[in-house]
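Subject: Structure for your files

Hello,

Please find the structure below, followed by notes on what was found in it.

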Amino acid sequence: MTALTVPPRRRDWRRSTAMIVVGAVVIGAFWSVDVAWGRLGELPAQIIRYLWLMFSDPDWSKLPEALAQTWKSVAMAWVGTVLGIIVSFPLAFLAARGFSPAPVRWGLRLLFAVIRAVPEIIIAIVILSVTGLTPLTGALALAIGSVGTLGKWGYEAIEGVDPGPIEATRASGGTTAQILRWGVWPSATPDFISFWLYRFEINVRSSAVLGLIGVGESVTCSPRTLSFGSGRPSECSSSWWSS
Amino acid sequence: MAVSADDTTAVRPTPSAVTVPARPGGRWKSWCAVAVVVLITAITLSPQWGIDFSLVAIARNWQNGTDKILLLLVPDWGFFPRTVPALAETLQMAVIATAVAAAVSLPLSLATARLTNPNAITRGIARTVLNVVRSIPDLLYAAILVAMVGVGALPGIIALLLFNVGIIVKMVSESIEANDPGALEAGRAAGGTQLQINRSAALPDILPSFVNQTLYVLELNVRASSVLGLVGAGGLGLLIDAVRTFYRYDQLSLIIVEILIIVMALDVLSNAVRRRLV
């Protein structure tokens, strides 16, 4: 039996430079960041202490309030998602290639990108001045945030649709509206529905955090009480359980 | 696919010759779904049960809002020097968290996929832990961690790390499951241990999706770490909280512009890398 020769490893200088650059950036970040790494040693003990504080004796008397706030959070997320869907749905079609003029398309894509770059909390801070510290502010912030992601996923899904049915509809004399209805929509529906559900999930999660700036108040309990020590951490565990 | 009268018009034979087949049944199901959605929306919009969606408040305070938005349109460029350290900290937090998360996630994603970890017990444990980790939002982690290890970048980094591991492991282990098991079976047939199979057959397969997810997470981190400071976990958020309480909307808009530029630059960069990769 002849000896097997292992083929030589392929050397790719581009890959190695990329690795070196990435390594340098990471090491640079570690080296320059101002962090008391020593505090890391205390973490395990602290985790156990806090878990004990939170779950050994949850404050069950807070449960009804926690449930009410959780419902408010979910309602906020729902309204935000529905509004986001209503706005983003037509915009997604306008942003897709082949259904609108290029300037409109690029304008909308830029808009989606800008919205996606700004965290929801900042959107909420901006519209806070109009609607005040109400759940409505949260819902609107989530709606605007949803337009950014749903719009992008939407036009990508529309562009990814199998061109066959579209061509068939066009060949049989369909107008643009008919092409959208019979060529695009039937194959894009599952994508759209899964995006909407996924975005709702994201909104439920972010609506819980919008309470930080006082919107909707689902977690005004946790961070404030924790960081200022004004309440028992156990008050918060019941609200997390329920969510 | 539904066939309607539109499809028949192009053919134009004598109309009586074409029989349009009956629409498939079961359409009432989608109408029911729509009705349920409308009902839930109505409940959530009602002042009594839901969030009190009143347009009156918007109409009343509209002036107030437009003033703020006008302020937002004119960023206070003089504020820039003060944002630089916070901006740098945000980026440092994002990079460190992404790097550590990537290192931790690779073995974990192999451990949570059925093809690379046939042991049901360890796989179940790993999956359960990760599901719990993923269900908690990053800001909540940051809030608790600030209480545990004190204010600064450290709680922010750990919060991002937990948040990232959840995402990367889920995505990558799904892509392992979606891969062709042939190579893994070949490895097993050649007598490799599970570790060897994972190393030489599974790893090369998942590397593109792994790098992809890591880039995506880096983008998420820049965005997330800019708000973690709201709970005291370092970065731009501390600054956002400060300018917010003083209603300095012109300074807030400068911060938004900075986040925008960085996120978009990262987007361009990661798109370029992705194109090379695929």
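Two residues are taken to be in contact if their C-beta atoms, placed from the backbone, lie within 7 Å. Please keep in mind throughout that this is a predicted model.

Confidence

The model scores ipTM 0.70 and pTM 0.75. For chain B the mean pLDDT is 83, with 91% of its residues at 70 or more. Within chain B, helix α1 (residues 5–9) has the lowest confidence, a mean of 50, while α4(B) has the highest, at 91.

B:A94

This residue sits in helix α4 (residues 80–112) of chain B, the element with the highest confidence in that chain. Is B:A94 buried or exposed? The cut-off for buried is 20 or more other C-beta atoms within 10 Å; B:A94 has 28 C-beta neighbours inside 10 Å and therefore counts as buried. Once neighbours within four places in sequence are set aside, B:A94 is in contact with B:L160, B:L218, B:N221, B:V222 and B:S225. As for B:A178, it lies 84 residues from B:A94 along the chain, and the C-alpha atoms of the two are separated by 29 Å.

Helices α9(B) and α10(B)

Helix α9 of chain B covers residues 194–228 and helix α10 of chain B covers residues 236–245. They pack with their axes 5 Å apart, at an angle of about 45°. The two helices are therefore oblique to each other, and their crossing is right-handed. On the α9(B) side the contact is made by B:S226, B:V227 and B:L228; on the α10(B) side, by B:L236, B:G237 and B:I240. Sorted by class, four of these residues are nonpolar, two are polar and none is charged.

Contact between chains A and B

How many residues does each chain bring to the contact? Chain A gives 57 residues and chain B gives 52. On the side of chain A that touches chain B, the elements giving two or more residues are α1 (13–32), α2 (43–55), α3 (63–95), α4 (102–117), α5 (120–131), α6 (135–159), α8 (176–210) and α9 (220–228) of chain A. The largest share of that side, eight residues, comes from α5(A). By class, the side of chain A that touches chain B has 39 nonpolar, 13 polar and five charged residues.

Regards

Technical notes: Residues are numbered from 1 along each chain as its sequence is written. Chains are lettered from A and ligands numbered from 1 in the order in which they are written. This is a predicted model: local features need pLDDT of at least 70, side-chain atom pairs count only at pLDDT 80 or more; totals for chains, interfaces and linings use all residues. Axes are lines fitted to C-alpha atoms, for helices over the stretch in contact, and angles run from 0 to 180 degrees between N-to-C directions. Helices (H or I, at least four residues) and strands (E, at least two) are DSSP runs, numbered from the N terminus. Angles under 35 degrees count as roughly parallel, over 145 as roughly antiparallel, 65 to 115 as roughly perpendicular and the rest as oblique. A crossing is left-handed if the near helix is turned anticlockwise from the far one by less than a right angle, and right-handed if clockwise. Ala, Val, Leu, Ile, Met, Phe, Trp, Tyr, Cys and Pro count as nonpolar, Asp, Glu, Lys and Arg as charged, and the others, Gly among them, as polar. A residue is buried if 20 or more other C-beta atoms lie within 10 Å of its own, exposed if 12 or fewer, and partly exposed in between; C-beta atoms are placed from the backbone. pLDDT is the predictor's confidence in each residue, from 0 to 100.
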